[in-house]
Amino acid sequence: MAMNDSNNTLHPIKLQSLIQLRQLGISENSIKYNNMTLESDKCIVIKEATKLSIVNISTRNVVSLPVTLVDSAIMNPSSNVLGIRYKNNLQIFNLDIKTKIKTIELNNNDDILYWRWLDSRTISYVTSKSVYHWSMENDSKPEKKFDIVSDERKVQCINYDSSQDGNWLFLQSIARKNDSIEGVLQLFNVPSKKYQPKMTANGGCFAYSNINGRDATLFCFTKKDGNGTKLFIVEVGNNNADSLKIQRDIRFEKDNDFMISMIPSPKYGCIYGCTQQGYLYIFDLLTGKQIFYHKISNVPIFMAVSTADNDGILICDRNGKISSIIINENNYIQYIKQQLNDPQLAMQIATRCDLPGCEDLFKQRFIQLISSLQYQQAIRLAINSPREILRTPQTIQTLQQAPTAAGSPPADLQYYTLLLQQGTLNEFESIGLCQRILNAKPGQPGIEKIEKFLKEKKL
């Protein structure tokens, strides 16, 4: 099912059903969390009674391997390399050349609770005591990253990840408490070798954004607070006063619902959140505002993974249906502007992510700033507008006709100066700048300036 526009309703996402595992011959009894792994949008691996089934999600092709001594299998996110675990024995096979490329036997006193491909070259695994990274390069041995803070409860690990710079690691687990399930989240700082206090929290993920010119690593999670749940977005590794710290209330439809997965999308500056009860949430990354929520499955969701381009996500529900979700680029900003009635947020996200949908707001704001003689603000708005919607001959003409403030350069000259500092001028801007240079006072080095800008590829 694709979520399309109907009845003049703007849908900010595209939801599409991709495959149904049972229709491909996968046993219904095998469609369980402990039998399946989804490491990428490429394929899903299912442990069945007498075989391993590897399902190619795009082609729907199923490859069956007659492997019975297996507890779990994980497919490399970018190559045809399969990891197989039986008890505490880990083996890595290259399926293209049908060769075992690595193997290791671990301490029998320390059971493996969870493992995944951290990237295409590294497997991470979690034991009852510690977390390890195992590089596939040469004869590398597993490297212990940190010890797990002990817990009296029976804890099930469901996620583990590392920040891009490797300085931060988190371990996400769940534990039963009476008749409910609560999250167990542990964050570790590698350089200082220190833990953050263990939290009762769910949906942990790392996200990244440029904030006021600095590259920020954000740690995101949800945490129950009294009778409600809050979303937290916290910048890690920055102890200055400008460090980003956000808290927002989340409303779940069911009291016992919780986030099983949160996945950031750099392209759209948002977080996709999937709950156990089948709901999808979309949050803006830098404000934490809830943009959208919708029930996307009538049965529990237990797996989600980012697409290869990091734009969208894939989910798998308890019935074995795999679906794709991605922001509807043509509707997203309009939805925020119209349905949420938040034009300011719409403009912020459109500028940050270079998305269409609120051209009218940018044009109105530009005219307002010009009318109030706020030329610098108007110029910056025009230059940074999404998809260069204000970098037009009309903008140049408006700036040329704007009254010159006492002691300040003409508005169009201010515009060209800022453009030259930031990059290359487009065709209209290049012509406008050359005309201004050539019409300058006699004796000024007009042609030389133009030749200089051409050599610097500014025009």
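Is Asp311 buried or exposed? Keep that in mind while you orient yourself; the answer comes at the third stop.

**The whole chain**

This is a predicted model. Show all of the protein first. Its C-alpha atoms fill a box of roughly 85 × 50 × 45 Å along the principal axes. Colour by secondary structure: there are eight helices and 28 strands. Now colour by accessibility. Of the 459 residues, 50% count as buried. For contacts between residues at least 6 apart in sequence, 42% join residues at least 24 apart.

**Stop one: the charged pairs**

Side chains of opposite charge can pair when their charged atoms come close. Here the count comes to 23 salt bridges. The next stops visit some of them.

**Stop two: Lys144 and Asp147**

Select Lys144 and Asp147. They form a salt bridge, with the closest N and O atoms 3.2 Å apart. How accessible are the two partners? Lys144 is partly exposed, at a relative accessible area of 46%. Asp147 is partly exposed too, at 35%.

**Stop three: Asp311 and Lys267**

Move to Asp311 and display Lys267 with it. The two form a salt bridge, and their closest N and O atoms are 3.9 Å apart. Asp311 lies in the loop between β26 (301-306) and β27 (313-317). Lys267 lies in the loop between β22 (259-265) and β23 (270-275). The pair therefore ties together parts that are 44 residues apart in sequence.

Now the opening question. Asp311 is buried: its relative accessible area is 11%, and the cut-off for buried is under 20%. Lys267 is partly exposed, at 38%.

**Stop four: Lys337 and Asp360**

Select Lys337 and Asp360. This salt bridge has its closest N and O atoms 3.2 Å apart. It links distant parts of the chain: Lys337 sits in helix α1 (residues 332-338) and Asp360 in helix α3 (residues 359-371), 23 residues apart. Lys337 counts as buried, at 16% relative accessibility. Asp360 is partly exposed, at 36%.

**Stop five: α2 against α3**

Show side chains at the contact. From α2, pick Pro343, Met347, Ala350 and Thr351; from α3, pick Leu361, Phe362 and Arg365. By class, this contact has five nonpolar residues, one polar and one charged.

**Stop six: α4 against α6**

Finish with helix α4 (residues 375-384) and helix α6 (residues 411-422). Which way do they run relative to each other: parallel, perpendicular or oblique? They pack at about 45°, with axes 10 Å apart. The two helices are therefore oblique to each other. α4 passes α6 in a right-handed crossing.

- On α4: Tyr375, Gln376, Ile379, Arg380, Ala382, Ile383 and Asn384.
- On α6: Ala411, Gln414, Tyr415, Leu418, Leu419 and Gln422.

Colour this set by class. The contact of α4 with α6 has eight nonpolar, four polar and one charged residues.

Methods: Residues numbered from 1 in each chain as written. Predicted model: local features only at pLDDT ≥ 70, side-chain atom pairs only at ≥ 80, totals over all residues. Heavy atoms only, no water. Axes fitted to C-alpha atoms, helices over the stretch in contact; angles between N-to-C directions. Helix = DSSP H or I, 4+ residues; strand = E, 2+ residues; numbered from the N terminus. Parallel < 35°, antiparallel > 145°, perpendicular 65-115°, else oblique. Left-handed = near helix turned anticlockwise from the far one by under 90°. Contact = heavy atoms within 4.5 Å. Nonpolar A, V, L, I, M, F, W, Y, C, P; charged D, E, K, R; others polar. Salt bridge = Lys/Arg side-chain N within 4 Å of Asp/Glu carboxyl O. Buried < 20%, exposed > 50% of the residue type's maximum accessible area, 1.4 Å probe, protein only.
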